[in-house]
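Hi there,

Here is the structure I promised to pass on. Have a look at it first, and then read my notes below.

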Amino acid sequence: MIPIKPTKLTTFLILMLCIGTNAAVHQNEQGHYLSVSVQSMIDETVPYDTLWINGGYFFENNILITKPITIIGRQNPILDAGGQGQVLIIRSDDVTIEGLTLKGSATSNMTENAGIKIENARRVKIIANTLCDNFFGVYLANSVKCVVRDNIIRGGYERESNSGNGIHLWQCDSIEITNNVISEHRDAIYLEFVINSHVFGNHCEDNIRYGLHFMFSNNDQYRNNVFNNNGAGVAVMYSSRVEMTDNIFENNLGPSSFGILLKDITDSRITGNQLLKNTIGIRLEGTSRIEIARNNIEDNGWAVLITANCTDNDFENNTFRYNSFDVSTNGKLVLNTFDQNYWDKYEGYDLDRNGMGDVPFHPVSIFATVVSEVPEAIMLYRSFTQYLMDRAEKAIPSVTPENLVDHEPLMKPSVL
Amino acid sequence: MQVTIKIARYTLLDLLYNRVTLFYTLFLMGVSLVVFNLDDNVSKGILSLVNIILLIVPLVSIVFATIHMYNSAEFIELLLARPIQRTRILFGHFVGISTALSTAFLIGIGLPVLLYAPSATGITLIAAGWMLTLSFVSIAMLASVSTRDKARGIGIAILLWFLFTMIYDGFVLWILFAFNDYPLEKPVLVLTALNPVDLARIVLLLRIDISAFMGYTGALYKDYFGTAKGMIITTSVLLCWIIIPMLLAVRRFKSRDI
């Protein structure tokens with residue numbers, strides 16, 4: 001009795017078979033016709049069945065899957081929870097969900113209602129679905145070796161307090177999140193206690209808080225993702241051995257926005273990324289042993305903001321161009337290296353023609369230090385006063401940290 | 001009105017025959033072409049031009065206009081001997097000088113910018129530079145009527161340029177540090193408006209360094225200057241910087257012994 005908006009096709013099937021209900025009708029692999037709600041269809045399957053759903057609009061919530069089946073939607077079947085509870089709950093291994101549209105899980109402050117919730121499962125595949133207007137999009141809890149691929153996930157929320165995450169992972173292992181498009185959620189992708197997982201090729205745009213949010217998640221990789229115009233960029237916190245490669249972070253603008261925020265991260269690599277037009281390109285707080293190499297850091301307000309409690313981080317072969325400020329820090333202690341980067345503000349020369357400047361470059365300008373102390377001083381940026389201050393400081397360094405220096409600044413950018 | 005235009009035309013012709021205007025045009029054009037051709041990236045060229053516009057353009061405008069006023073002292077005396085209103089004489093000179101310098105600026109910087117960087121930033125740059133030219137000619141009029149001594153007049157002009165481009169910013173920085181414990185966003189906004197060079201600079205920075213301006217308190221400036229309302233306010237404040245010194249100069253010139 002639940003589906004109320006049958007599509008033309010299902011109506012056609014109903015007429016053909018003269019089944020005396022107003023439910024949509026669907027066919028399983030053996031050619032048997034199943035009827036009524038999605039839940040009843042699922043109940044009629046046996047493990048390892050494939051359930052095909054041909055179109056249809058199902059007003060249904062809390063659909064429970066407790067056995068390993070494959071559900072494939074054709075002609076865009078829509079499952080709508082109508083703002084009550086969740087849409088699909090998976091509590092079994094080896095479930096595949098493909099080609100469905102799932103919408104309308106309830107916004108709640110008490111429970112984390114999701115479009116698809118996966119609990120205590122292994123080898124679940126969520127492929128090419130559309131999830132819109134859900135509180136949480138795909139929610140994986142305590143699951144292993146799952147795949148979330150090619151989905152379009154759109155939240156449509158405007159406030160952080162009443163929106164959930166696009167893809168939310170809690171206590172998972174070996175998850176693949178690839179080629180999803182996620183927008184208008186709180187965090188596009190959220191990982192907490194997630195290990196050995198891959199986040200590849202996703203497009204996270206216009207989310208309210210972070211494009212990607214890592215918490216306590218070790219041994220993960222994210223690569224080839226695009227994070228554009230999210231509230232605050234990407235945050236990686238309290239994690240170890242994270243690899244961030246070839247991503248694009250752009251247009252994260254705002255008083256507390258950044259391309260990447262690294263907080264208490266150790267032994268990680270950030271390579272080959274594009275950081276374009278962010279208020280802060282990379283912000284490092286209390287990080288150790290991070291290799292930051294071959295990134296293109298361009299058009300940012302602050303290219304790198306690094307706190308004095310960061311140790312043994314290594315910046316190498318990065319290209320710093322057209323940033324308002326290259327590096328800013330909050331103390332005189334510097335335990336990181338900045339050798340062999342390209343800085344467009346470098347004015348030195350290369351007499352021995354080895355491609356590296358003969359005069360060291362100090363990327364922290366006194367004006368950056370002044371602005372970090374008196375933010376209103378940004379009003380004097382690019383004034384003659386600023387020019388004089390920077391020149392004087394360059395001649396006789398007194399305020400800026402002397403050890404924050406590139407001994408071998410590159411004469412030409414190493415990445416384009 | 002006709003008299004004003006006549007005087008303006010005469011002044012303009014006088015200045016166009018004068019080599020200085022030509023050299024100024026060629027200088028600006030040379031600099032613009034060099035900065036645009038040195039680097040592939042247009043925004044870097046724009047950045048270099050910002051410095052020219054904030055320092056050189058005001059300096060040339062104020063010094064050149066002042067010197068010209070003193071050089072035409074005899075011509076002004078001759079005009080005063082005839083039944084012409086003093087207001088018209090001064091306005092005639094103002095219009096003549098500012099037309100000459102505006103032409104030089106618009107050809108020297110305006111044309112290359114339109115050719116190489118025809119963006120909103122480029123147009124803002126041209127508009128800001130042009131407004132600065134006019135306001136510094138206006139300030140020069142005030143400087144030149146304030147004293148009869150040529151050396152002292154030019155001294156005042158250069159001092160005013162120093163004040164607006166350097167001393168004032170140092171003063172603002174001092175205020176920022178001295179009153180660091182207080183919320184300074186609003187006072188700083190007012191302080192900015194009190195200096196045409198600062199105002200022009202902020203308007204340009206909101207185009208060039210928007211990433212940095214979105215952080216911390218910069219967002220406030222963006223909300224204030226970046227919107228259409230802010231644009232109108234900025235333009236009217238810069239217009240005040242053209243009109244008010246000129247009106248003061250007229251008042252002084254009217255009651256002055258020649």
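Buried area is the accessible area (1.4 Å probe) that two parts lose on being put together, summed over both. Please keep in mind that this is a predicted model.

Let's start with the two chains. By that definition, chain A and chain B bury about 2800 Å² between them, with 68% of it on carbon and sulfur atoms. Three residues, A:Glu376, A:Met379 and A:Arg382, supply 28% of the area that chain A buries against chain B, more than any other three residues. In terms of contacts, 28 residues of chain A touch 36 residues of chain B. How many salt bridges are there between chain A and chain B? The count is zero.

Now for some helix packing inside chain B. Two packed helices are described by the angle between their axes and the distance between the axes.

Helix H2 (residues 19–38) of chain B packs against helix H5 (residues 86–116) of chain B at about 15 degrees, with the axes 9 Å apart. Angles under 35 degrees count as roughly parallel, so H2(B) and H5(B) are roughly parallel to each other. Their crossing is right-handed. The residues in this contact include B:Leu28 and B:Phe36 of H2(B) and B:Leu101 and B:Tyr116 of H5(B). By class, there are 15 nonpolar, five polar and no charged residues.

Helix H6 (residues 120–146) of chain B and helix H12 (residues 228–254) of chain B cross at roughly 20 degrees, their axes coming within 8 Å. H6(B) and H12(B) are therefore roughly parallel too, and the crossing of H6(B) with H12(B) is left-handed.

Happy exploring!

How values were computed. Residues numbered from 1 in each chain as written. Chains lettered and ligands numbered in written order. Predicted model: local features only at pLDDT ≥ 70, side-chain atom pairs only at ≥ 80, totals over all residues. Heavy atoms only, no water. Axes fitted to C-alpha atoms, helices over the stretch in contact; angles between N-to-C directions. Helix = DSSP H or I, 4+ residues; strand = E, 2+ residues; numbered from the N terminus. Parallel < 35°, antiparallel > 145°, perpendicular 65-115°, else oblique. Left-handed = near helix turned anticlockwise from the far one by under 90°. Contact = heavy atoms within 4.5 Å. Nonpolar A, V, L, I, M, F, W, Y, C, P; charged D, E, K, R; others polar. Salt bridge = Lys/Arg side-chain N within 4 Å of Asp/Glu carboxyl O.
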